[in-house]
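Please keep the sequence and the 3D view open while you read.

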Amino acid sequence: MSKNRIPAVESMFTMDFENPQLVGGRSKITGSYYFPKDLSGSDPRGKGSEDREEVFLSTVGTIWSYTTASYPPALPYQIIEPFEPFVISAVELEKENIVICGQMMPGIEVRDIDVGTKVKLALDVLYEDEENEYIVWKWDLL
Amino acid sequence: MTTNEIAVLGVGMHKWGKFPGKTFVDIGVEAGRNALVDAGIEWDEIQFLSGANTVRNGYPGWVSASTFANALGFQGCQIASSYAACASGATALSIARSQILSGICDVALVIGADQVAKGMFAPVPGDRPNDVDWLRFRLMGLSNPAYFGMFARRRMALYGDTEDDFATVKVKNSEHGSSNPNARYAKVFSIDDVNASPVVADPLRLLEICSTSDGGAALVVSSLDYARKKGIKDPVRIAGISTVSPTYPNAIIDMPYFASDSWHSVGDQHHTFKNQIAQHAYKEAGITSTDLDFAEVYDLSSAYELDWYEHIGLCEKGDARNLLHNGDTRLGGKVPVNPSGGLGAFGEAIPAQAIAQVCELTWQLRGQATGRQVDNPQIGMSINYGMFGHGSSVIARV
């Protein structure tokens with residue numbers, strides 16, 4: 001029996017595996033973007049997070065920079081044993097002028113990417129328990 | 001401008017390293033006593049105690065000023081405890097300065113100390129999906145070294161920096177720190193040593209990422225009048241302190257966020273808090289970066305030190321590696337950076353590190369930095385910052 005797929009965090013992305021989208025905010029006053037919608041730096045010209053409407057962010061961007069987690073990260077990261085090192089990228093979205101981090105999809109290595117490489121949003125399993133798979137966004141090669 | 005200055009009468013540290021048999025209180029008290037001895041002041045003369053908190057040692061760490069006051073013996077002075085992540089020490093010092101400059105007190109003691117578990121820093125335990133510091137670990141395993149790795153890769157792509165450039169910073173700081181009695185690591189490393197250590201956050205290796213340490217640092221500060229009355233001629237003076245918060249947007253991603261602020265509404269993709277911190281300190285002190293004789297900067301990683309050359313205005317963006325290879329930032333160079341050995345030689349002890357930087361500024365300006373002395377310095381700066389947006393910079397002069 002297959003496990004339930006549950007988002008690892010509520011309200012930050014859609015659970016559409018074919019065409020996932022990040023859910024951000026856009027200021028009705030300045031037109032600027034926020035991700036996560038209510039958990040980022042705040043523009044004094046806006047009214048805190050009150051003036052933000054929910055928007056879907058671009059699903060394709062370019063790598064701003066990248067690195068590896070060559071050792072297991074600390075809790076609350078949930079490690080799937082045995083630990084496999086992974087790549088993290090910070091990806092620039094051209095329309096929104098924002099950089100958003102995420103793991104690269106499994107199997108992608110540092111030698112496969114560079115600053116400027118185009119990538120697209122994907123969903124993958126972050127960790128699992130007996131009943132559920134907990135899903136998060138990652139970046140994938142275009 | 002002299003009315004904004006205070007005097008540093010005494011500085012003291014507890015050696016940095018791993019001291020499993022000690023508490024942060026033992027470590028802070030030893031640093032505090034050393035500062036009092038250095039100042040020639042008795043504890044019961046202190047009118048104000050400013051404590052920099054630790055969040056990793058339970059309740060006594062959250063009320064560090066009363067904890068240290070009790071450990072030194074409750075003598076009734078006024079106290080304040082503050083936390084601002086890595087900026088805690090600068091915040092504690094700025095509170096002491098306000099007390100002194102307002103005339104509420106004449107002489108104050110500032111203490112920060114920590115005792116931490118081995119390994120990488122982790123968020124405070126609990127389940128907190130509204131805390132980006134918790135979320136960055138939970139959702140993608142974005143630990144502190146990952147940011148350092150991304151900053152380093154960005155330098156390589158934009159400016160042509162190499163892994164050997166980064167290793168060279170580590171080598172330099174290990175040479176600087178080797179004769180510092182308070183540093184944790186005395187070993188002088190070679191580029192080969194660095195390159196033989198395992199990759200932690202590509203392209204950075206274990207020897208290039210600062211460790212987490214136990215350590216303590218303390219200052220006795222006073223009004224210039226009080227220093228004169230005590231017969232202390234020409235004390236080191238604090239000429240500027242920056243505890244600024246960011247101006248929106250922080251377009252360059254930084255701890256603990258897993259996204260940058262959008263630069264959509266301002267159009268400046270280089271707008272970053274880290275460029276703003278030093279500017280306020282320069283303004284208070286009435287100087288510019290060209291007046292600096294040396295600096296103590298926040299070298300959480302080898303490559304990150306190069307970023308700071310540019311953030312504090314020692315050079316234009318992308319030129320840091322030239323400064324490094326010219327020897328400008330080495331002892332004997334034009335503007336030595338991290339003559340103490342920096343965090344590379346000390347490791348991080350969060351509430352103590354901004355205070356420890358001021359200890360080094362003081363020793364250097366007094367000409368007491370044996371084995372690592374900058375040539376006749378007049379003005380020095382320290383800089384770091386506390387995640388979520390606490391600035392931390394101090395300018396000291398003689």
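1. Start with helix α10 (residues 273-285) of chain B. Its buried residues are B:F273, B:K274, B:Q276, B:I277, B:A278, B:A281, B:Y282 and B:A285. Buried means under 20% relative accessible area, exposed means over 50%, and partly exposed lies in between (1.4 Å probe, protein chains only). Helices (H or I, at least four residues) and strands (E, at least two) are DSSP runs, numbered from the N terminus. An α-helix has 3.6 residues a turn, so residues three or four places apart point the same way. The cover over the buried residues of α10(B) includes α6, β8 (236-242), α11 (302-311), β10 and β11 of chain B. After α10(B) comes B:G286, with a positive phi near 70°.

2. A word on the basis. This is a predicted model, in which local features need pLDDT of at least 70 and side-chain atom pairs count only at pLDDT 80 or more, while totals for chains, interfaces and linings use all residues. Residues are numbered from 1 along each chain as its sequence is written, chains are lettered from A and ligands numbered from 1 in the order in which they are written, and side-chain values use heavy atoms, with hydrogens and water left out.

3. Now look at the strands. In chain B, 9 strands form an open sheet with mixed pairing, in the order β3-β2-β4-β7-β1-β8-β11-β10-β9. Two strands pair if DSSP finds at least two bridges between them. The edges are β3 (78-82) and β9 (294-296) of chain B; each has a single partner strand, so one side of each is left without a neighbour in the sheet. On average, neighbouring strands of this sheet are turned by 25° against each other, direction ignored.

4. Which way do β2 and β3 of chain B run? Strand β2 (residues 48-52) of chain B and β3(B) run parallel, joined by 5 bridges. Opposite B:F48 stands B:Q78 in β3(B).

5. Strand β10 (residues 379-386) of chain B deserves a close look. It is mostly covered, with 8 of its 8 residues buried. B:I379, B:M381, B:I383 and B:Y385 point one way, while B:G380, B:S382, B:N384 and B:G386 point the other way. On the β9(B) side, the pairing is parallel over 3 bridges. There, B:E296 stands opposite B:S382. Strand β11 (residues 390-397) of chain B runs antiparallel to β10(B), with 8 bridges between them. Here B:N384 faces B:S392 in β11(B). The two strands β10(B) and β11(B) make a hairpin with 3 residues between them, and B:F388 in the turn has a positive phi of about 85°.

6. Next, the nonpolar cores. A nonpolar core is a set of buried Ala, Val, Leu, Ile, Met, Phe, Trp, Tyr and Cys residues joined through side-chain atoms within 4.5 Å. The largest has 103 residues, and those with the most contacts inside it are A:F35, A:I100, A:W137, A:W139, B:L139, B:F258 and B:I312. Helix α6 (residues 144-159) of chain B gives the most to this core, with 7 residues. A second, separate core of 38 residues includes B:F48, B:A96, B:F294 and B:F346. In soluble globular proteins, nonpolar side chains tend to be buried together.

7. Is B:D214 buried or exposed? B:D214 is buried, at a relative accessible area of 0%. This residue lies in strand β7 of chain B. B:D214 and B:W16 are 198 residues apart in sequence, yet 5.6 Å apart in space, C-alpha to C-alpha. The side chain of B:D214 reaches the backbone nitrogen of B:F19 at 2.8 Å. That side chain also makes a polar contact with the side chain of B:Q115 (3.3 Å). A polar contact is a pair of N or O atoms within 3.5 Å; within protein, one must be able to donate a hydrogen and the other to accept it, and residues adjacent in sequence count only if both atoms are side-chain atoms.

8. Last, B:S197. It is found in the loop between α8 (191-196) and β5 (199-201) of chain B. At 7% relative accessibility, B:S197 counts as buried. Its side chain reaches the backbone oxygen of B:V194 at 2.7 Å. A polar atom of that B:S197 side chain lies 3.4 Å from the backbone nitrogen of B:L207.

Definitions and conventions: Axes fitted to C-alpha atoms, helices over the stretch in contact; angles between N-to-C directions. Contact = heavy atoms within 4.5 Å.
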